[in-house]
Amino acid sequence: MMSNKNQLNVKTSEDMTATELNIEADVVIIGSGAGGGISAYELAKAGKKVIILEAGPYVPSEKFTEMMAVSMATMYEGEGAQSNTDGDITVLQGRCVGGSTVVNAALCFRTPDYYLKKWGKEFGLTNLTPEVMLPYFEKVEKNLGITEVKPHETSSGAETIKKGLKALDIPLGLARRNIRDCAMTGFCFAGCKTDRKQSMMVTYLPWACNHGAEIYADTRVTKISAENGTAKGVNAEVIDPKTGVTKTRLSVKAPIVVLAAGPTGSPLLLQQSGLANSSGQVGKNFACHPSLSVTAIYEKKLNDFHGATHSLFDDRHTLPENGGWIQLNAVQDPVEASFMAEPGTGKPYVRYMQNYPNSTRLITLIHDKNVGEVTMENGYKEIRYQVDDEDFEAMKKGLKENARILFASGAKYLYLPTYDTQRINSVDEIDSVIDALENESARYRYTSFHPQGTCRMGTDKSKTVVNPYGETHDIKNLYVVDASLLPTSIGYNPSETVYALASYIADQINEANPG
Amino acid sequence: MSDINKQRRQFLKLATAISVAVASLSPMQVIAGKITEDNKMDATEHAVFTKMLTTSLPTEGSPLIPPASLPVIPTIEGALLAGMPPHIRQGLNQGIHYFNQGPLKKYGKSFNELPDEQATAFVDEWTSSEKAPHRALAMGLKKLTVLAYWAIPDTWTPLGYVGPVSEKWKLKYRGVTPEPKA
Ligand SMILES: Cc1cc2nc3c(=O)[nH]c(=O)nc-3n(C[C@H](O)[C@H](O)[C@H](O)COP(=O)(O)OP(=O)(O)OC[C@H]3O[C@@H](n4cnc5c(N)ncnc54)[C@H](O)[C@@H]3O)c2cc1C
């Protein structure tokens, strides 16, 4: 049962009557996703008056529709329309109270020691050792109920793919997820209607509110201000989502500003504010884990419609030196399936969709180089990013392994997620079909769920934006706590890394600003 | 700049606009936009989408619901096109006109006038074209069309897909998780 305590102290544009509102606080947090939610709680619990400003709407979970089409339009950045400049990679992010944690698939991995060590060596992050980070992983795992999937928490497609992994002697990776008592609806991406997914909206944000934190939804921060190299607060606009009209101009004066607007929002705000960019690196080094999903068709129906969104993976090749890709199963609804493969126009397409109940899919997601850049051009956000040639080769190797697993699981034939028809009819054809793929734009149906890296962390002020403790090199008391911190792409789903880093940085903020 | 270069740049701009418009629609997004004078379909767009609908979803002989019995074109217009940012919507409009003219040289007719078999062949030619803009345009228009069809829940019945389940399964709300004790 819900108690009166432990609820969200949230104001939306509907609650706003004044055209101007000035607030004073100890901390203002921009964005209420993974980084924003965690830091809000840790700072409020330490006695600070915390204000959280969130550009997206507040959608209570009982209003979640379990219709992806509607969820995309209400809870995703750009109504789900965010893409790279070429338009061939969809870059998904949440935009609502709780951010991407409300719409993500809840799969959690600790940051591999490999990256903590690499970041120590290459970026001077020798403070983030596996030993230092361990208690942070343990803490967020406990708080968010991150545990391995139970034997019944799976889907028919995952069970089928499992047979392929077994046949090939591939160790089974069992998903760890921030979910308590999963109801197996398969609607993670549309938001978990009955609150089993432990998103920020049902955990850290209401806990922060227990300690006095206040959330303003529909509130887009437009500028961070600083004086004499120290953060001073922010300006924001409360916008009525129905009309697009600005109802209230809001300013928060606070000696600590925590930027958690995500890897596309945070760099834009710094650029617009003309802050923290002496390195010229703000917005650069964008990575996004491009993923491609291979569709397998089976003799019999699988009805892989509901169940855990992800329940198994194969991560033998995930570190770059082992190849740089990971495989994940996923359930899918017919709307998504309708454009995941290209069987040919007309009759072949109708046959493909008739076979949707006989299909499942395996996603190949790659560790990519940080070659992109986020900027604002003519008032529109631009994500300039193309898959690097070497990364594309990693993708090809991953797709080959993907195809082998699917055939070993009993698939009759496979479709590659290309623009033209690329069907693989047998194991013998895997190499020749995939070897022929070339890295070109508008050829592949890429999705990115994991933007990262635009305000990266490190000791070198000329190459990084944020210092090893989360504070920007240039502006005192301006902290970054979101996925833009990651110095390199990590190849694994990054939410737990963000949870743990935000938790670590909150401790640094509390230590530097006691009382 | 030479005319050819100018045309090429314009062509690339169109293709980028259309592929952005289309990437916008994945996965399975339907934006409830407001139809205005600026974003509503013109006659050519209407004809192209109508032709694309019959070309990409020939459902006779299959258990799928015939698209003509569903409001697919209004869904494309009201739910997909109307929600696009104006600069993308404008690029898309130009892209659709360009696409419609595509078959003139080889088939002597615009796309909306082609018999079904040639329309199918033309879409397949462009989706596997060496030219990125052609791929983007053909794929994009096809995707917009089928997406609007599958976004209508009636189309799921023949597949055995039931859509939302929490209420059907009478799942209990868990509510907010209690704050951890220190
Ligand atoms: C569909 C989907 C599936 C995913 N699945 C997984 C998964 O299974 N496992 C995993 O580990 N990761 C997954 N992720 C990624 C994971 O959720 C993110 O890496 C993580 O949430 C990033 O946290 P963040 O704090 O950087 O940003 P977010 O959680 O995205 O939060 C940023 C918030 O800032 C707000 N904001 C932006 N600009 C402004 C502004 N100017 N003013 C005010 N607010 C602003 C945004 O609206 C947003 O709410 C998935 C993501 C998506 C979108």
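1. Chain B has 182 residues, and 52% of these count as buried. The structure is a predicted model, and the points below should be read with that in mind.

2. The secondary structure of chain B consists of seven helices, with zero strands. Followed along the sequence, the pattern of chain B reads α-α-α-α-α-α-α. Among the contacts in chain B with a separation of 6 or more, 74% come from residues 24 or more positions apart.

3. The accessible surface of chain B amounts to about 8600 Å². Carbon and sulfur atoms hold 56% of that surface.

4. The next matter is the contact between the two chains. The size of an interface is often given as the accessible area lost when the parts come together. For chain A and chain B, the area buried between them is about 5600 Å², and 63% of this lies on carbon and sulfur atoms. Chain A supplies 69 residues to the contact, and chain B supplies 63 residues.

5. How many salt bridges does the rule find across the interface of chain A and chain B? The number is five. A salt bridge also links R443(A) with E130(B), where the closest N and O atoms are 3.5 Å apart.

6. Which elements of chain A give two or more residues to the side that touches chain B? They are α1 (34–45), α2 (68–75), α7 (204–210), α9 (334–337) and α10 (347–354) of chain A. Of these, α10(A) gives the most, with five residues. Sorted by class, the side of chain A that touches chain B has 27 nonpolar, 24 polar and 18 charged residues.

7. T154(A) is placed in the loop between β6 (146–148) and α6 (156–167) of chain A. Is T154(A) buried or exposed? The relative accessible area of T154(A) is 13%, and T154(A) is therefore buried, since the cut-off for a buried residue is under 20%.

8. The surroundings of T154(A) can be described as well. Leaving aside residues up to four places away in sequence, T154(A) touches E159(A), M184(A), G307(A), A308(A) and S311(A). With one of these, E159(A), there is a polar contact from side chain to side chain, at 3.0 Å.

Technical notes
Residues numbered from 1 in each chain as written. Chains lettered and ligands numbered in written order. Predicted model: local features only at pLDDT ≥ 70, side-chain atom pairs only at ≥ 80, totals over all residues. Heavy atoms only, no water. Contact = heavy atoms within 4.5 Å. Buried area = accessible area lost by both parts, 1.4 Å probe. Salt bridge = Lys/Arg side-chain N within 4 Å of Asp/Glu carboxyl O. Helix = DSSP H or I, 4+ residues; strand = E, 2+ residues; numbered from the N terminus. Nonpolar A, V, L, I, M, F, W, Y, C, P; charged D, E, K, R; others polar. Buried < 20%, exposed > 50% of the residue type's maximum accessible area, 1.4 Å probe, protein only. Areas by Shrake-Rupley, 256 points an atom, 1.4 Å probe, with all protein chains shown as cover. Polar contact = N/O pair within 3.5 Å; in protein donor to acceptor, adjacent residues only side chain to side chain.
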